[in-house]
Structure formats: C-alpha cells, structure tokens
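User: I am new to this structure and would like to go through its charged pairs and its surface. Could we begin with the terms?
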Amino acid sequence: MILESLPEVQKLSPEEKRQLADELLDEIEDGNHGELKPDVVALLNERLEDYGKDPSSARPWSDVRKAIGLLSES
C-alpha cells in the first residue's frame, strides 16, 4: 500500500488527509500530465490529414483492438 510507504502522510489528521485526497483528485482531473512531444503532435496531424483525404483508409477502434489482442474475436 502506498500509504505505508509515506510516513508523513500517515501523521496527517483526517481533515488534512481529505484535503490531500481532494488536491490529488483535482490534479488528475486537470489533466496536467505533461505536453505531447512535438514529433508526436506532428505525426497525429499527419495521420489526421491522411484520414481527411481518404476516410475509407481508417479502421474502427474495435478492429485495431482485436488485431493487437485486446478483444476476443467473438
């Protein structure tokens, strides 16, 4: 358990723990997990442009998930 590895957090009062939990959840909800690298953004833009030129070249997400083993074929 993570809490066991954080002795300072264990010392917090229940109210302080609630505040910490709220702050952690806010951070997650803000989605502030770093920016995409410029080369990733460029690749995504390129793929979007390719799709715009030929939408039939796209595959449904369910097909992609099957192809990489995330879904059964049933």
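Analyst: Buried means under 20% relative accessible area, exposed means over 50%, and partly exposed lies in between. Please note that the model is predicted.

User: Where does Glu49 fall, buried, partly exposed or exposed?
Analyst: Glu49 has a relative accessible area of 48%, so the residue counts as partly exposed.

User: And what about Lys53, buried or exposed?
Analyst: Lys53 is exposed, because its relative accessibility is 62%. The side chains of Glu49 and Lys53 form a salt bridge, with an N to O distance of 3.3 Å.

User: Where do Glu49 and Lys53 sit in helix α3?
Analyst: Helix α3 covers residues 38-53, and Glu49 and Lys53 are four residues apart in it, which means that about one helical turn separates them.

User: How many salt bridges does the structure hold?
Analyst: There are three salt bridges in the structure. One of them joins Arg18 to Glu15, at 3.0 Å from N to O. These two residues, Arg18 and Glu15, are three residues apart in helix α2 (residues 14-30), so they are about one helical turn from each other.

User: Which residue does Lys11 pair with?
Analyst: Lys11 pairs with Glu8 in a salt bridge, and their closest N and O atoms are 3.3 Å apart. Both Lys11 and Glu8 are exposed.

User: Changing topic, which residues make the nonpolar surface patch?
Analyst: Leu36, Val40, Val41 and Leu44 make this patch of about 330 Å². Val41 lies in helix α3 and is partly exposed, because its relative accessibility is 34%.

Key:
Residues are numbered from 1 along each chain as its sequence is written. This is a predicted model: local features need pLDDT of at least 70, side-chain atom pairs count only at pLDDT 80 or more; totals for chains, interfaces and linings use all residues. Side-chain values use heavy atoms; hydrogens and water are left out. A salt bridge is a side-chain nitrogen of Lys or Arg within 4 Å of a carboxyl oxygen of Asp or Glu. Buried means under 20% relative accessible area, exposed over 50%, partly exposed in between (1.4 Å probe, protein chains only). Patches are made of residues with over 30% relative accessible area and no salt bridge: like charges are joined within 9 Å, nonpolar side chains (Val, Leu, Ile, Met, Phe, Trp, Tyr) within 5 Å. Accessible areas come from the Shrake-Rupley method with a 1.4 Å probe; for residues, only the protein chains shown count as cover.
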